[in-house]
Amino acid sequence: MDTKSHPKSIKLPDTVEVFGNLKNAKRFAIDIGGSLTKIAYYSTVSHRRVFYEAEKENGKSPSSEEDNLVYEVSEGARLHFIKFETKYIESCLDFVRVNLVNTREKMLGKVIKATGGGAYKYTELLQQKLGLSVDKEDEMSCLIKGCNFLLKNISDEAFMFQRHGNPEYKFQNADPNIFPYLLVNIGSGVSIMKCDSYERIGGTATGGGTFWGLGSLLTKAKGFDELLELAEKGDHRNVDMLVRDIYGGDYKTLGLPGDLIASSFGKAMHNHKDHTQFSEADLARSLLFTISNDVGQVASLYAMMHKLNKVYFGGYFLRNHPLSMHTVSFSINYWSKGQVQALFLRHEGYLGAIGAFLKGAEEYDADKYSWLENYAGSSGLRSPIPTQVLSEQGVPVDQLEIDRWESAVTYCPLLLDPANYVPDTVDLTQDTEAREYWLQLFEEILDKFAVRAIQSQPHSDTAKERAQKFKEKSISRLHYLKHQPFAFDPYLVQKQMDNDKALGLLAKRLEYLDGLEWCTRQETLISSVLAGNMFDWGAREVADLMENTDFGFNEARSKIQARPWLVDGLDEWIDRLKGPPHKCAAIFIDNSGMDFVLGILPFARELLQRGTKVILCANSAPALNDVTYLELVVILKQAATVCQIIHESLNKGTLLAMETAQGGPSLDLSRLNLDLAKAMSSHEVDLLVLEGMGRALHTNLLAKFTCECLKLAVIKNRWLATRLGGDTFSVLCKYERPNEVKGGESLKLKICPVPCTKETTKIHI
Amino acid sequence: LNIYGCLSCPGVLMGPHICKDCLRGQIMAGSSQDDFRVPAVENGYGEGDNSIPLMPWFGMDIGGTLSKLVYFEPKDITPDEADTEAEVLKNIRRYLTKNSAYGKTGHRDTHLQMDNVIIRGRRGTLHFIRFPTSEMGNFLLLAKLKGMATLVTTVSATGGGAYKFEENFRKTLNMKNNIEVLNSNMKYEVRCMLYIETNNPSECYYWANPTEDERCEKRFYDFSEPYPFLIVNIGSGVSVLAVYGPGNYKRISGTSLGGGTFLGLCCLLTGCNTFEEAIDLATGGDNTRVDKLVRDIYGGDYERFGLPGDLVASSFGQMNSKEKRARVTKEDLARATLVTITNNIGSIARMCALNEKIERVVFVGNFLRVNPISMKLLAHAMDYWSRGTLKALFLEHEGYFGAVGCLLEYNTYRYSHS
């Protein structure tokens, strides 16, 4: 689940390293614009993945073994992008040169890809400072390449903007099918490109340079940003001739409001000897509107001419500036009568640099991999003006880091409608109430996370400091733990303890289950999965229980809601089990310990006994106490010593452990590990089991599949439970057959009270 | 107050508007002659009729910047008629036709005068007069002084100002009856344009070799097969109208970057006061000292995309530099403003034409008055970017179509209600 806040609130703490990992830099590209320069480089970073220890030496408590943990070290690729004002180019190049000591020799004779208007002007400087030969790349093709890359890879890269709307920002998911679209680059002038081929279809000279140039003539503002600030304060109605100035009021017959601009700067023309009557702020605002409206109109004309309905904007003019984006959006919508959509890019300033880099890096095969923004190393949404400071030089910079996923990902083959699949059940970018609740919760839970992290590395002197830094950073961007391979897993020790405890109970539990009559057993198996799902360190309500009481499996069973559950498809499921066995089940598992060992394992074992193959799907990277793939392998090995059926199934290959390529508590089935997706197809999975709030409720609750699906979760969050119409620890047990919508619709309505208010608003309009 | 027809105001509104919605207006107006090509004498304007309004005949178009007044001077006055003619009427005629300047700001465009035209069966001369809309108060006082109030019961006016100043007309001229606000149904404008074109064979022209100073010349264009065509009316703002056939047209676009923007910016940047001054300044200036050209960025042509080096890449693109600001003259700035506005209009007009699949674009409006620089730029831009498929056309009476339309419609309107 992604979380967003107003971009203004995002500020990067000073502790973040600028020009990170420069020593490992492999390849450079540079985009030198008239005002801003962007340097791109590629580096490798070592990701450490902790190996779960299968065999422990006797007599040692788990907590003392930190130093003996085995790490799997993998080499990951990371793209770094640094942005600064072109006037600092010398200092920045110096900084790069000094810090390249390790690799300088290797760099000699190599090429730096350069693009942008300044590529010509600074060729010599680049050669002299870095010892690289300069290879100039066409600006437009770099822009397109960069734009394609971002749209395909970076989630929520593109967004629509509606000022004072709720939400103001509407984000668009990363999507491999991005074509065709129109790219409008508003630099000094405006270039308009049609992107499915690479074709410049037009442009206009009225662009950012016009705003800046005319603005410099009309006001005393120094620079682009001061002009924008002025425009924020001004009132264009003092300068522009409005409909009402000509008609005396609204032009009702035509439905034209009186404040529509009829003639930009029209009021400035009436024999004024004294120009001081116009305030600079008013002039700047009028100018901003003039340019933005015009660009929007020209863009929509081109879009209509080429029958395209999506227009993305790049270039230095917009800079995610709300007023400009609003005017452009308004203009496009107006002139296209709503047919054309204006979309903006969070990293618009980096398009050229990304493109130039990719041109020189074709051997890295960017297309083959998936890339993810490393939020921890990137500046926030609104960072038109570099705000961080390059330490010694005092140069303000801004940065973006993008990591390569270690495995290729793809859509889950069982999705009914992959093109329209949205994992999130409640979109926090659109649901203000939900967003506020969750952001608050995330902030609180970070404390717990930090404490765990420190405990997991008791011998590390820097653990405390690092945990603190992590906490600060996380809070500062209010971005939950979804992202990213941290080099260590703070819950590792806790998970190990939980698993050991649960494995100790497994044999007895299986014996008990086997003794039950068939129907009761099926019911017990499902309720055990649900009881197990209570053991979740990510849920505040449960974390408190587990920390303060001796909370066991039976306690958990007594906590959850009695039947009938909030969503109760158990009887249907049991009816189904009376029929023929499934070919293969894919189970997306949740928590370590009780959840997996006493909940999922017996359930999977039952399926195996029916002759159903089982693929257990675990996270690739750690998130809270969720089972990771590496742990899963070990636990299964241990369970095999307890249970003969599991042992045989593993040997026969009817029980498989696979990784999902996910690293968070939620499940995005549009980014599934390619191998897993292939396995799901080849084994002909006809039953999908999604377990836990993150996988079955926050995401995928509304997703439809081509096969049967069982969604199981305990709603451990009071707020959400209430919103769904139940109490804390209400149970979701949703059994769906393909082409069947059961209970989904009514639940959907309950989940989103916000759309109802939206509808009301619509009526008012 | 009677308002009918499509109420789009030429040169003023930004909004796209479809005039088909206004069939109601046409029906109300009762005019069925939508074939504008019918010669004036036969098209209903020329027929003698009892309902012919009393002289004097005026048409007005009150725009955001300029007000246009068209006056019909009858030349076929019989001695009998002359005897009974009111003294006031004679005075008005004498005042308007013997002068070419009225007060400080009123002008009669004598070169546009159309002799020997027939309207409502009367033969006479059309006079074209303009004054700044800001002088409307003075104009009304003058009209009162000349005794208009005693003669005129109805003023036929169009343009946004027809609404705004309606009350002023009523009060100042003490009119008892209606003020007809023929609010610029584009139809009247189109009809009038074709009417004038029919009466004046040299009305429509184009610029040959617009980029070559020596070979550049105006050439008459035979507009007898007009459809379809685009009208781009450049007043304070810009309206774009597509005309597909007789009575079949719609307003398809417009922009707020028009003549008002040019003059407004010029006044701010150079301290000039009038359109003529601004055009004079621009004539002596060089925009390449202000704008950033393709060659300023790429060192020459941007061959990859066929962009010539002398193409403007960024209007005013050099002016963010303090040093360069210090070097430019008022003339350069005026020229750059003119080029910016003109090119922008040209590119919007061109795309509208492409979207509508129309090849002839007629530019009208007072922005083009005494402004060959813009006309040549438009002519060149249309030709260059369309590789010769689009033709930019111009009309001698570029700014007066709304006013003449009023003068003509005045009659039709009275028909239907009498």
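Visitor: Which residues are linked with Lys113(A) in a network of salt bridges?

Guide: Asp135(A), Glu137(A) and Lys359(A) are linked with Lys113(A) in that network. Keep in mind that this is a predicted model.

Visitor: What makes Arg563(A) and Asp571(A) a salt bridge?

Guide: Their closest N and O atoms are 3.1 Å apart. The rule asks for a side-chain nitrogen of Lys or Arg within 4 Å of a carboxyl oxygen of Asp or Glu, so the pair qualifies.

Visitor: Why is Arg563(A) called partly exposed?

Guide: Its relative accessibility is 31%. Buried means under 20% and exposed means over 50%, so Arg563(A) counts as partly exposed. Asp571(A), at 48%, also counts as partly exposed.

Visitor: What makes Lys711(A) and Glu736(A) a salt bridge?

Guide: The closest N and O atoms of Lys711(A) and Glu736(A) are 3.0 Å apart. The cut-off is 4 Å, so the pair counts. This pair links distant parts of the chain. Lys711(A) lies in strand 25 (residues 708-715) of chain A, and Glu736(A) lies in strand 26 (residues 730-736) of chain A. They are 25 residues apart.

Visitor: What about chain B: what makes Arg219(B) and Glu217(B) a salt bridge?

Guide: The closest N and O atoms of Arg219(B) and Glu217(B) are 2.8 Å apart. Arg219(B) counts as partly exposed at 35% relative accessibility. Glu217(B) counts as partly exposed at 36%.

Visitor: Where is Tyr735(A), and why is Tyr735(A) called buried?

Guide: Tyr735(A) is placed in strand 26 of chain A. Its relative accessibility is 3%. Buried means under 20%, so Tyr735(A) counts as buried.

Visitor: How do you know that the side chains of Tyr735(A) and Glu708(A) make a polar contact?

Guide: The distance is 2.6 Å, between the side chain of Tyr735(A) and the side chain of Glu708(A). The cut-off is 3.5 Å, so the distance meets the rule. As for Leu712(A), this residue and Tyr735(A) are 23 residues apart in sequence and 8.7 Å apart in space, C-alpha to C-alpha.

Visitor: What makes helix 11 of chain A mostly covered?

Guide: Helix 11 spans residues 351-359, and eight of its nine residues are buried. Among them are Leu351(A), Ile354(A), Phe357(A) and Leu358(A). Gly352(A) and Gly355(A) are buried too.

Visitor: How many helices and strands are in chain A, and what share of its residues count as buried?

Guide: Chain A has 26 helices and 26 strands. Of its 765 residues, 61% count as buried. Among contacts between residues at least 6 apart in sequence, 73% join residues at least 24 apart.

Visitor: Which residues have the most contacts inside the largest nonpolar core?

Guide: They are Val184(A), Phe313(A), Phe363(B) and Phe394(B), in a core of 111 residues. Helix 9 of chain A gives the largest share of this core, 13 residues. Val184(A) touches Val295(A), Ala299(A), Val311(A) and Phe313(A), among others. A second, separate core has 55 residues, including Leu577(A), Leu608(A), Leu632(A) and Ile635(A).

Visitor: How many residues of chain A are in contact with chain B, and what area is buried between them?

Guide: 56 residues of chain A are in contact with 59 residues of chain B. The buried area is about 5100 Å², and carbon and sulfur atoms give 64% of this area.

Visitor: How many salt bridges and polar contacts does the rule find across the interface of chain A and chain B?

Guide: The rule finds zero salt bridges there. It finds eleven residue pairs in polar contact, both residues at pLDDT 80 or more. Elements giving two or more residues to the side of chain A that touches chain B include helix 5 (139-153), strand 10 (198-204) and helix 10 (322-335) of chain A. The largest share of that side, nine residues, comes from helix 9 of chain A. By class, that side has 30 nonpolar, 20 polar and six charged residues.

Key. Residues numbered from 1 in each chain as written. Chains lettered and ligands numbered in written order. Predicted model: local features only at pLDDT ≥ 70, side-chain atom pairs only at ≥ 80, totals over all residues. Heavy atoms only, no water. Contact = heavy atoms within 4.5 Å. Buried area = accessible area lost by both parts, 1.4 Å probe. Polar contact = N/O pair within 3.5 Å; in protein donor to acceptor, adjacent residues only side chain to side chain. Helix = DSSP H or I, 4+ residues; strand = E, 2+ residues; numbered from the N terminus. Nonpolar A, V, L, I, M, F, W, Y, C, P; charged D, E, K, R; others polar. Core = buried A, V, L, I, M, F, W, Y, C linked by side-chain atoms within 4.5 Å. Buried < 20%, exposed > 50% of the residue type's maximum accessible area, 1.4 Å probe, protein only. Lists of a residue's contacts leave out its neighbours within four places in sequence.
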